[in-house]
Amino acid sequence: MKEEIKCFTDLKMAMWIQAQQLQGDALHQMQSLYGQHFPIEVRHYLSQWIESQAWDAVDLDSSQDEFRAKRLLEGLVQELQKKAEHQVGEDGFLLKIKLGHYATQLKNTYDRCPMELVRCIKHILYHEQRLVREATNPSSPVGDLLDTMSQKHLQINQTFEELRLMTRDSENDLSGLSGLQHTQEYFIIQYQESVRVQAQISQLAQLSPQDQSRILREQGLQQKKASMDAWLQHEAQKLQQFRQELAEKHQKTLQLLRKQQTIILDDELIQWKRRQQLAGNGGPSEGSLDVLQSWCEKLAETIWQNRQQIRRAEHLRQQLPIPGPVENMLTELNATITDIISALVTSTFIIEKQPPQVLKTQTKFAATVRLLVGGKLNVHMNPPQVKATIISEQQAKALLKNENTRNDCSGEILNNSCHMEYHQATGTLGAHFRNMSLKRIKRSDRRGAESVTEEKFTILFESQFSVGGNELVFQVKTLSLPVVVIVHGSQDNNATATVLWDNAFAEPGRVPFVVPDKVAWPQLCEALNMKFKAEVQSNHGLSEENLVFLAQKAFSSTNVHPEDYSNMTISWSQFNRESLPGRNFTFWQWFDGVMELTKKHLKPHWNDGAILGFVNKQQAQDMLLSKPNGTFLLRFSDSEIGGVTIAWVADNTNKAGERLVWNLMPYTTKDFSIRSLADRISDLNHLLYLYPDRPKDDVFSKYYTPLLSKPVDGYVKPQIKQVVPGFATALSDQAAGSNIYMDQASSPAVCSQPPYMFPQNPDTMLDPDGDFDLDDTMDVARHVEELLRRPVDNQWMPPS
């Protein structure tokens with residue numbers, strides 16, 4: 001174990017060594033991660049310790065993890081102090097002082113907010129790893145998708161560089177030595193000189209016309225005035241041309257700026273939101289917002305610089321009005337730049353952590369909103385308040401149409417106001433709602449067959465703030481993903497179906513919360529597989545054969561080829577409104593029951609490939625009859641929600657030479673809470689081989705519960721074991737030679753596989769369908785229970 005830890009540490013150290021080898025822009029980006037909030041010297045001298053800590057295990061939104069963050073801060077300070085104490089010699093003296101200073105500085109900075117230290121270091125490590133990965137593995141084997149993303153990101157960064165150069169160029173045209181401002185100031189000086197000359201000419205006009213000095217002076221002034229007027233006229237034309245060229249440059253800049261913003265907001269941010277939505281169905285995490293925030297901040301910075309330039313150009317025009325098209329151009333530029341910054345601010349007010357989409361009343365829930373440009377626009381200087389309300393689907397539609405909703409809401413949320421907080425270490429501005437609770441809900445009139453678990457609501461987050469010293473005031477609003485409100489846990493199943501369908505099939509830019517009534521079967525297969533893998537927490541998803549089985553169940557079909565279903569569509573009603581033929585539950589309810597059972601009790605066996613699961617009775621019969629007696633398989637029950645049954649092949653004791661496939665009545669969560677699947681399989685000694693030919697102990701023995709043979713405090717602990725009537729002859733010698741009482745009441749029933757009939761003169765415990773009725777065997781259960789209650793001395797004495 002120590003060797004493994006050492007190897008892991010060496011791997012992490014290699015990452016820091018590689019980080020030091022970054023060059024160019026990557027090195028600059030890495031260095032910019034550090035500062036007074038976390039000095040790079042601390043990262044260097046404590047690299048091994050820092051990278052061996054479980055920073056990701058700290059939930060930044062959980063107050064319960066505050067203690068863990070405090071311990072990490074204390075550990076960091078102690079490590080720094082140790083490092084400082086070990087410095088010796090002349091060279092070590094200054095380092096000793098510096099490290100000691102850093103220890104004190106970090107303690108003072110984060111002692112009252114240790115979570116911020118964790119947030120800061122997680123931020124640094126994430127970007128460090130990204131920079132190293134990009135530098136060392138430009139052609140990742142993940143595939144073309146990452147290559148495409150890298151190319152797209154490269155294009156975005158190149159466009160930002162182009163915008164930077166264009167903005168710098170227009171700034172030079174505006175404020176440089178030969179720029180518009182300098183040129184206009186010189187023009188005004190010359191114009192004032194012309195006015196002064198004209199005044200002198202006017203004064204001379206009052207003197208006698210015969211005054212020779214007047215004539216000479218007047219002639220000189222007239223010549224100077226004519227020369228200056230010609231210069232002014234020429235310079236005025238040049239100035240007007242200068243203004244027009246600058247305005248045209250701004251037009252080009254804003255055109256490229258709007259295009260870049262469209263790519264970031266309408267492509268990248270929308271894709272992030274789509275990933276966030278699919279993550280609600282179990283898809284991969286939507287990923288960090290840090291890259292998006294850096295882009296949005298660059299947009300904000302560039303927009304603001306150009307806005308200030310346009311405002312200064314307008315101020316210069318007002319100082320010296322010259323007739324021409326520039327006035328209209330500047331008016332349009334002002335309107336355009338205001339639209340661009342408004343779109344940026346309103347679009348970057350987003351929900352970083354969505355509220356739960358199945359929302360139970362009177363239950364605490366959390367959410368986090370974030371303003372991606374808050375730091376650059378200095379919104380945090382006057383932290384705005386964010387308010388959360390729940391609104392209906394119709395109210396959401398009216399809101400997006402800018403209709404007056406009169407502050408309507410559809411319920412009452414407690415603790416629904418929160419101030420945004422700025423985290424200097426990461427540069428993020430967000431509001432963390434940690435203790436919201438839906439006190440009550442107001443439902444609307446339902447349409448047709450719609451149930452309460454099909455009604456969608458949304459959490460509306462809204463705020464107001466100003467930027468640029470109250471120059472612009474923004475009212476921002478954002479809607480959560482649709483939520484379904486329930487009042488009882490029994491509604492969770494159907495509410496989850498509504499959420500899954502919406503998350504999987506919602507289209508970008510839809511009217512809230514419209515989804516197609518029918519979707520292609522392969523699309524639903526993708527959604528079901530994603531959900532199954534996430535719920536069961538397994539990389540072993542649904543195979544092609546599993547999906548064919550599900551198609552047969554959904555469409556009541558017997559087709560066995562995947563292509564038979566590739567062009568079929570399934571409706572919402574088929575998915576979770578109409579019951580399956582001959583059943584009292586829907587397709588989704590059956591599938592959800594399978595997921596719940598597998599997640600809670602069968603996950604290791606599913607991951608081992610021990611459960612075929614999606615096999616019907618006829619398929620099980622066809623598979624088992626070609627195998628030796630004692631071969632068995634595990635399949636999910638067709639007739640019961642959340643059930644799994646064992647099917648096995650054995651001789652028909654009433655008819656020589658005939659073999660039957662038998663099925664135990666399905667196990668459910670209730671059964672597995674008493675005795676696990678592995679232990680039940682161990683109990684049934686007539687089960688020998690897991691299909692196709694794996695000895696059962698090779699597959700399940702690692703999950704058997706060890707037997708306790710020694711008495712504890714003078715008592716022998718009773719054991720519950722499972723038997724199947726008619727198949728109990730294969731009990732082990734140990735069990736047969738002792739008075740261990742079997743708990744038959746906890747055993748499922750057994751029936752033969754149709755079309756094979758159950759043997760004549762059936763056991764009285766079997767119902768007319770050949771199923772073992774547990775209710776009819778309660779006398780056995782009570783007998784066992786009575787025996788187990790007897791004192792130990794009596795219980796283990798032979799009957800008299």
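Biologist: How many residues does helix H14 have, and how far does it reach from its first C-alpha to its last?
Modeller: Helix H14 covers residues 492-505, which is 14 residues. From first C-alpha to last it reaches 20 Å, close to the 20 Å expected at 1.5 Å a residue. Please bear in mind that this is a predicted model.

Biologist: Is H14 largely enclosed by the rest of the structure or largely open?
Modeller: H14 is largely enclosed, because 12 of its 14 residues are buried. Among the buried residues are Trp501, Leu500, Val499 and Phe505, and also Asn493, Asp502 and Asn503.

Biologist: Let us step back. How many helices and strands does the chain have?
Modeller: The chain has 25 helices and 19 strands. Its length is 800 residues, and buried residues make up 45% of them.

Biologist: What is the accessible surface of the chain?
Modeller: The accessible surface comes to about 42,200 Å², and 50% of it belongs to carbon and sulfur atoms.

Biologist: And what share of the contacts comes from residues 24 or more positions apart?
Modeller: Such residues account for 69% of the contacts in the chain that have a separation of 6 or more.

Biologist: Now the strands. In what order do E6, E4, E9 and E10 form their sheet?
Modeller: The order is E6-E4-E9-E10, in an open sheet of 4 strands with antiparallel pairing. E6 and E10 stand at the edges and have a single partner strand each, so one side of each is left without a neighbour in the sheet. From one strand to the next, the twist averages 25°.

Biologist: How many bridges join E9 to E10?
Modeller: There are 8 bridges between E9 and E10, and the two strands run antiparallel. As one example, Glu462 has Lys477 in E10 as its bridge partner.

Biologist: Which helix lies across E9 and E10?
Modeller: That is helix H12, residues 326-347, and it runs at about 40° to E10.

Biologist: I would like to turn to charged side chains. How many salt bridges are found in the whole structure?
Modeller: A search of the whole structure finds 37 salt bridges. One of them joins the side chains of Glu471 and Arg307, at 2.5 Å from N to O. The pair links distant parts of the chain, 164 residues apart: Glu471 is in the loop between strand E9 and strand E10, whereas Arg307 is in helix H11.

Biologist: Are Glu471 and Arg307 buried or partly exposed?
Modeller: Arg307 counts as buried because its relative accessibility is 5%, under the cut-off of 20%. Glu471 is partly exposed, with a relative accessible area of 35%.

Biologist: What about Arg440 and Glu412; how do their side chains meet?
Modeller: The side chains of Arg440 and Glu412 meet in a salt bridge of 3.6 Å, N to O. Arg440 lies in strand E8 and Glu412 in strand E5, so this pair ties together parts that are 28 residues apart in sequence. Arg440 is partly exposed at 44% relative accessibility, and Glu412 is partly exposed at 30%.

Biologist: What distance is given for the salt bridge of Lys107 and Asp111?
Modeller: The distance is 3.8 Å, N to O. Lys107 is partly exposed, with 41% relative accessibility, and Asp111 is partly exposed, with 29%.

Biologist: Which residues are linked in a network of salt bridges?
Modeller: Lys531, Glu535, Glu596, Lys599 and Lys600 are linked in such a network.

Biologist: One more topic. Where is Asn416, and what does it touch?
Modeller: Asn416 sits in the loop between E5 and strand E6. Leaving aside residues up to four places away in sequence, Asn416 touches Val386, Lys387, Ala388, Thr389, Phe433 and Met436. Asn416 is buried, with a relative accessible area of 18%.

Biologist: Finally, why does Glu314 count as buried?
Modeller: Glu314 is buried because its relative accessible area is 15%, and buried means under 20%. Glu314 lies in helix H11. Not counting residues up to four places away in sequence, Glu314 touches Leu330 and Asn334.

Notes
Residues are numbered from 1 along each chain as its sequence is written. This is a predicted model: local features need pLDDT of at least 70, side-chain atom pairs count only at pLDDT 80 or more; totals for chains, interfaces and linings use all residues. Side-chain values use heavy atoms; hydrogens and water are left out. A salt bridge is a side-chain nitrogen of Lys or Arg within 4 Å of a carboxyl oxygen of Asp or Glu. Buried means under 20% relative accessible area, exposed over 50%, partly exposed in between (1.4 Å probe, protein chains only). Contact means heavy atoms within 4.5 Å. Accessible areas come from the Shrake-Rupley method with a 1.4 Å probe; for residues, only the protein chains shown count as cover. Two strands pair if DSSP finds at least two bridges between them. Axes are lines fitted to C-alpha atoms, for helices over the stretch in contact, and angles run from 0 to 180 degrees between N-to-C directions. The expected span of a helix is 1.5 Å times one less than its number of residues.
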